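Dear colleague,

Please find below the structure that I am handing over to you, followed by an account of what was found in it. I would be grateful if you would read the text with the structure open.

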Amino acid sequence: MSGPSWHERLLGGLKKTSDRLLGNLAGLTAARLDEATLDEIEEALIASDLGPEMAARVRARLADGQYERDLEDLGIRLVVADEIAKALEPVAKRLQIEAFPRPQVILVIGVNGSGKTTTIAKLANLFMEQDYSVMLAAGDTFRAAAIGQLRTWAERIGVPIVSGAEGGDAAGIVFEAVKQATDKGTDVLIVDTAGRLQNKRELMDELAKIRRVLGRLNPAAPHDVVLVLDATTGQNALSQIEVFKEVAGVTGLVMTKLDGTARGGVLVAAAEKYGLPIHAIGVGEKVDDLRPFNANEVARIIAGVEDRHRG
């Protein structure tokens, strides 16, 4: 018997976020949308982690005269869903494997604890479902646990991995991995990297060294620099984008652990503030619980209108 569909998993995974938004908006309908009510709606959206830009846009939509008469709760939520969809549509972009010559090298970065190593396995699984061959490189050599965890995942999903000892030279591991992947004609090489932000200079130097090594073997690499964000950290995820953009040249995002938080609105705030591609979102622990997403579907679920307003 098959498990729940991705749509059902999304519904469950985004439930806390949706419940929080609906709770914040509860009771804010009025016979007339006056300034005080609009202020409260705007504050409710900011309190739901959707970000000030989104809150201001919804407020402007509601204030434009179209909604002067009594606007029931569903009407407000439909406007919210529409504005969330508009924010997410331009950034909902799956990772495309287009590199020639192969492999396409994807550097995965993120702070320790963000779910980075697990996300690498889930991305590998996603590519394998599309019939791409995948190899992993354990470039986070600062933590024996990270190396061990990635090896375990590689064995579980059946992909080759290049790894070394704790404290080894990350750039050396990456060099060997690119060499092997090139020789084998592997489609995708996913590289784990150290997640230390305590010393930004050290991290920047290490990533620069990895880039130099990659450039010697494949001048186009890395083709992608993907930042893994933990949705449970809320607004802190936005400051991580800021820092990693500076130190690592982030090209896209993956948002994990959306099922573990009521602060999933930060997905929308990240889209609004940075406009970086969001390649996939995660709502569970299983290897297939990370997927590219449909902006309209996510918007309707967060705004709590998906059952009555499918389209």
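Helix α6 (residues 116-129) and helix α7 (residues 144-157) have axes that come within 9 Å of each other and cross at roughly 25°. This makes α6 roughly parallel to α7, a word that applies to angles under 35 degrees. The crossing of α6 with α7 is right-handed. On the α6 side, the contact is made by Thr 117, Thr 118, Ile 120, Ala 121, Ala 124, Asn 125 and Met 128, and on the α7 side by Ala 146, Gln 149, Leu 150, Trp 153 and Ile 157. These residues divide into 8 nonpolar, 4 polar and no charged.

The model is a predicted one, in which local features need pLDDT of at least 70 and side-chain atom pairs count only at pLDDT 80 or more, while totals for chains, interfaces and linings use all residues. Residues are numbered from 1 along each chain as its sequence is written, and side-chain values use heavy atoms, with hydrogens and water left out.

The terms are used as follows. Helices (H or I, at least four residues) and strands (E, at least two) are DSSP runs numbered from the N terminus. Axes are lines fitted to C-alpha atoms, for helices over the stretch in contact, and angles run from 0 to 180 degrees between N-to-C directions. A crossing is right-handed if the near helix is turned clockwise from the far one by less than a right angle, and left-handed if anticlockwise. Contact means heavy atoms within 4.5 Å. Ala, Val, Leu, Ile, Met, Phe, Trp, Tyr, Cys and Pro count as nonpolar, Asp, Glu, Lys and Arg as charged, and the others, Gly among them, as polar.

Ala 170, Ala 171, Val 174, Phe 175, Val 178 and Lys 179 of α8 meet Glu 206, Lys 209, Ile 210, Val 213, Leu 214 and Leu 217 of α9. The contact of α8 with α9 comprises 9 nonpolar, no polar and 3 charged residues.

The axes of α5 (residues 73-88) and helix α12 (residues 295-302) come within 8 Å and cross at roughly 145°, again in a right-handed crossing. Ala 81, Ile 84, Ala 85 and Leu 88 of α5 make this contact with Ala 295, Asn 296, Val 298, Ala 299, Arg 300 and Ile 302 of α12. The residues involved are 8 nonpolar, 1 polar and 1 charged.

Arg 77 also belongs to α5. With 6% relative accessibility, Arg 77 counts as buried; buried means under 20% relative accessible area, exposed over 50%, and partly exposed in between (1.4 Å probe, protein chains only). The side chain of Arg 77 reaches the backbone oxygen of Gly 304 at 2.5 Å. The C-alpha atoms of Arg 77 and Ile 302 are 9.3 Å apart, although 225 residues separate the two along the chain.

Helix α11 (residues 266-274) is largely enclosed by the rest of the structure, because 7 of its 9 residues are buried. These are Val 266, Leu 267, Val 268, Ala 269, Ala 270, Ala 271 and Tyr 274. They pack against α4 (52-63), α5, α10 (236-248), β6 (252-256), β7 (278-282) and α12. Just after α11, Gly 275 takes a positive phi of about 65°.

Some backbone features in the loops also deserve mention. Most residues other than glycine have a negative phi, and most peptide bonds are trans. Asp 131, in the loop between α6 and β2 (134-138), has a positive phi of about 70° and is exposed, with a relative accessible area of 69%. Lys 257, in the loop between β6 and α11, has a positive phi of about 60° and is partly exposed at 30%.

A cis peptide bond joins Arg 102 and Pro 103, with omega about 5°; Pro 103 lies in the loop between α5 and β1 (104-109). Another cis peptide bond joins Ala 221 and Pro 222, with omega about -5°, and Pro 222 is in the loop between α9 and β5. Leaving aside residues up to four places away in sequence, Asn 218 touches Pro 101, Pro 103 and His 223.

Yours sincerely

Methods:
Angles under 35 degrees count as roughly parallel, over 145 as roughly antiparallel, 65 to 115 as roughly perpendicular and the rest as oblique. A polar contact is a pair of N or O atoms within 3.5 Å; within protein, one must be able to donate a hydrogen and the other to accept it, and residues adjacent in sequence count only if both atoms are side-chain atoms.
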